[in-house]
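Subject: Structure handover

Hello,

Here is the structure I promised to pass on. Please open it alongside this email and follow the notes below.

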Amino acid sequence: MSPRGSRESLEEGVFCDPPPVSTGQHLKVCGPESIQTLRGRMFGREVAFVLCGEAHEDTIDLTRHEGILDPILGWVVEPPSPDNCGFNFSEALATKNDITVKDAKEWAEEIIDTEEEKYEHTAMVGATLVFSSMGFTKGTAAVFPPRAKRSAKYPLLPGSVIYEWNDTDNQAREFNKRRLVGSVPVQEQDMMIAERKAKCIEDGFELFDDWLIRQIASASVHVEFIQEGPVSAEEVELHIEPGVPPAPPAHACLQMMELDSEEEEEEPHLGNGCYLDYLRRRTTTYLSTGIVHGIDPRVLGDSEDDNLPDFLRGSYEEPRFKAPLAVDTELAELDAAGADWARYDQDMDVQSSTMPSIEAWLGSAADLLYHAPHVKADYAPFLRSCVRDIESLWRFFEELYFGTVPEAFAQLQLDEKTRSLASARSLAYRSDQNAALMRRPMASCSDRRRPMPVRALPLDRYLKARGFDTPRTWIAGLAERLRQDGAQHMVQAALTFYKQAVERMLADPKGGDVQGDNFVAWLRACHRDVFHDVDCSDPSKLQKKEWVRSKNNPKSGDHEYHLASIVIPGFNDAFAEICEGRCWNCPKCGTSNETVCEVCQSCSSADAGNRKKKKTKSDGMSLPKAVHSPSTVRQRMLSKFIVDAFALRSVDLAMILKMATVVASAPSDGPTVVVVYAGEDHTDSVAKFWRSWGFDGTGLAKKGRITKEKDADSSCLIFPPYMHDVGKLFPLPTDLKDVALKMAQAEEREERVARRPK
């Protein structure tokens, strides 16, 4: 398979390690958390799906000794300080005299263990051991907690050595330190990983990307690859709707939302370096573009060029994306008012260069919930004033992903009064309704992500599926092409799956999220006292607990929290709570008015009647103005949960439709293998869909399931023979029926039942 990069780039090796060469032995494979292999017939073809679920690990961790992801901690020598800075001994956890350096390290490790047991779940990485011996064999040792800082006020004694309790993998430790302060160039990362891979081979394992590229290069059957990654710019184009103006400034209720807070994570995000990005670089470099597919629509318009080598960047620079920039009406309003910044200690580069897409506006909910909760945004005004009820929301998403964009917008109430509410964040800030207009900065994220790249629902211009006159979203384009190929039953089955998947998530946002991320996000926002006093390191276990102990008072039975009583409202209750903010009460007559009304409708009617009787003119200035207020924290959170459920499950939907598309377009003269690599939540969901229609692992070892060995420290998977030669997945058992045919038959049965007289 010929690589995509230029020959010069490949020969220089500046961006990625060379294609893998078979070692002649079957190595273990590191990368996926688990694999499910399903086989079946579709569109008259024999098909195998290899669904690889991952846990979003960093590449550097996957290449650790023996594939053990957790760092091996130990005492690492710290370089001497130029100004001989030492520690305040009053902050020491313990000291010990007349001890050798070897015994001091063992003693200090016991202190570390004691501290972690005493204060459950207290991380001691970064603790310090100071050994002072004046050149003798024995000396004095002191252990300091991670929070202790060196200072010139406390100079070190001559002959002192400082050790830090840290990762003993020198290369990984230094790489992670650099990632804390800035991005590490991907070319440098990939050269480092290439070095570490050689050691992985010595340990008897390889990374998933090497296995994949080798399989595709040597397979006797047709193989294609689908990854949870950005959709290719080749599949979309920019649509500009004639006569539709740019989005107006965000509504006052969004401008009055409080400013961003500071990131409060105890362990900052390390930034670039995740394996999904590395895998994308490898596959786009060494595999043909026609067999590599990105299917995450939530970042549509952002090619994430920072995670690519130079020669693969700039995919949205093609002429079809070029158009005069739309006027940012909110920025123009701030400029005209001469507005000052509300804060100067946050990022003032708030304009986004991302191509506008409906999917990116909706997809930002996940970032705001789980990765950047300190950045303030709110979908509640959109839901309460533009959507207005649950039935309209369902119709909107059905048309968005299975119909056309104009039909999707037709399900919403979008006009001059409501369009300012079809936004989730404002560039403007007012501390209250009568305060001066100011500019809203954005809080920084330690991983340097830029949340909310599209602030408002784009009506005037947005990315659409390429090749359609009437605009369709990228997912709707997949669905329509399958219909055109005669696979309308497949599309209908996918629609039914999508609705059921979203319903399950929203019926119980706490219990329905097996990973527990929703519950931790809810605690962080709405129960902050609990969030800061319980261990949230394992969200999946936390959400299932009835009672949990306090971190600050672990021995006290009086300081326990009844987590079972903390619930997240289901879909109906959540939407009803959001809609409570739809109205404002007139301070003059008490009448309840819709958010979109800028003056009291009751007083306005009375004023109009008085003017008619007196035959006098009135400028209306005496009418009471709207009393707007921002959404509550609960309403904001609930709005994000609702939007995220539809956006998150759209990834599964895209995966299903793309898998079907790949099979439908594959060569008809032989079997097809589709390898999928995505988060385990997505692959599990998609596997359930295909199993429900007859795909399964019958005839394969452990029914096609591959997981790591029980109680093993290593994350490596042992592959069965068919994974070392995917051609061995065929021929299929003769009793497997064609999935597309089963779907058509099921739909016919449902239609017959529906036609029966009741």
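This is a predicted model: local features need pLDDT of at least 70, side-chain atom pairs count only at pLDDT 80 or more; totals for chains, interfaces and linings use all residues.

**The six-stranded sheet**

Start with the open sheet. Six strands make it up, in the order S14-S12-S22-S3-S2-S23. The pairing is mixed. Strand S14 (292–296) and strand S23 (705–707) are the edge strands. Each has a single partner strand, so one side of each is left without a neighbour in the sheet. From one strand to the next, the twist averages 20 degrees.

S3 covers residues 45–54 and S2 covers residues 34–42. The two run antiparallel and are joined by nine bridges. Within that pairing, isoleucine 35 sits opposite cysteine 52 of S3. S2 and S3 form a hairpin with two residues between the strands. Phenylalanine 43 in this hairpin takes a positive phi near 55 degrees.

S3 also pairs with S22. Here the strands run parallel, with eight bridges between them. Glutamate 54 has glycine 679 in S22 as its bridge partner. How much of S3 is covered? Most of the strand: nine of its ten residues are buried.

**Helices on the sheet**

Helix H6 (residues 208–218) lies across S3, strand S12 (222–230) and strand S22 (672–679). H6 runs at about 165 degrees to S22. Helix H22 (residues 680–692) lies across S2, S3, S12, S22 and S23. H22 runs at about 30 degrees to S2.

**A helix pair**

Now turn to helix H12 (residues 390–402) and helix H19 (residues 571–579). They pack at an angle of about 105 degrees, with their axes 11 Å apart. That angle makes H12 roughly perpendicular to H19. Which residues meet? From H12, Ile390, Leu393 and Trp394; from H19, Phe571, Asn572 and Phe575. Five residues of this contact are nonpolar, one is polar and none is charged.

**Strands around S10**

Strand S10 spans residues 160–167. Seven of its eight residues are buried, so S10 is largely enclosed by the rest of the structure. S4 pairs with S10 in antiparallel fashion, through five bridges. In that pairing, tryptophan 75 stands opposite tryptophan 165 in S10. Strand S7 (residues 128–132) is also joined to S10 by five bridges, again antiparallel. There, leucine 129 stands opposite tyrosine 163 in S10.

**Salt bridges**

How many salt bridges does the whole structure hold? The search finds 40.

First pair: lysine 177 and glutamate 78. Their side chains meet in a salt bridge at 3.9 Å, N to O. The pair links distant parts of the chain, 99 residues apart. Lysine 177 is in helix H4 (residues 170–181). Glutamate 78 is in the loop between strand S4 (73–77) and strand S5 (85–86). Lysine 177 is partly exposed, at 33% relative accessible area. Glutamate 78 is partly exposed too, at 22%.

Next pair: glutamate 188 and arginine 178. Their salt bridge is at 2.3 Å, N to O. Glutamate 188 belongs to helix H5 (residues 186–202) and arginine 178 to helix H4, ten residues apart. Glutamate 188 is partly exposed, with a relative accessible area of 35%. Arginine 178 is also partly exposed, at 37%.

Last pair: glutamate 174 and arginine 173. Their side chains meet at 3.6 Å, N to O. Are these two buried or partly exposed? Glutamate 174 is partly exposed, at 38% relative accessibility. Arginine 173 has 10% relative accessibility and counts as buried, because buried means under 20%.

The network takes in five residues. Asp61, Arg64, Asp167, Asp169 and Arg196 are linked by salt bridges.

Best wishes

Methods:
Residues are numbered from 1 along each chain as its sequence is written. Side-chain values use heavy atoms; hydrogens and water are left out. Two strands pair if DSSP finds at least two bridges between them. Helices (H or I, at least four residues) and strands (E, at least two) are DSSP runs, numbered from the N terminus. Axes are lines fitted to C-alpha atoms, for helices over the stretch in contact, and angles run from 0 to 180 degrees between N-to-C directions. Contact means heavy atoms within 4.5 Å. Angles under 35 degrees count as roughly parallel, over 145 as roughly antiparallel, 65 to 115 as roughly perpendicular and the rest as oblique. Ala, Val, Leu, Ile, Met, Phe, Trp, Tyr, Cys and Pro count as nonpolar, Asp, Glu, Lys and Arg as charged, and the others, Gly among them, as polar. A salt bridge is a side-chain nitrogen of Lys or Arg within 4 Å of a carboxyl oxygen of Asp or Glu. Buried means under 20% relative accessible area, exposed over 50%, partly exposed in between (1.4 Å probe, protein chains only).
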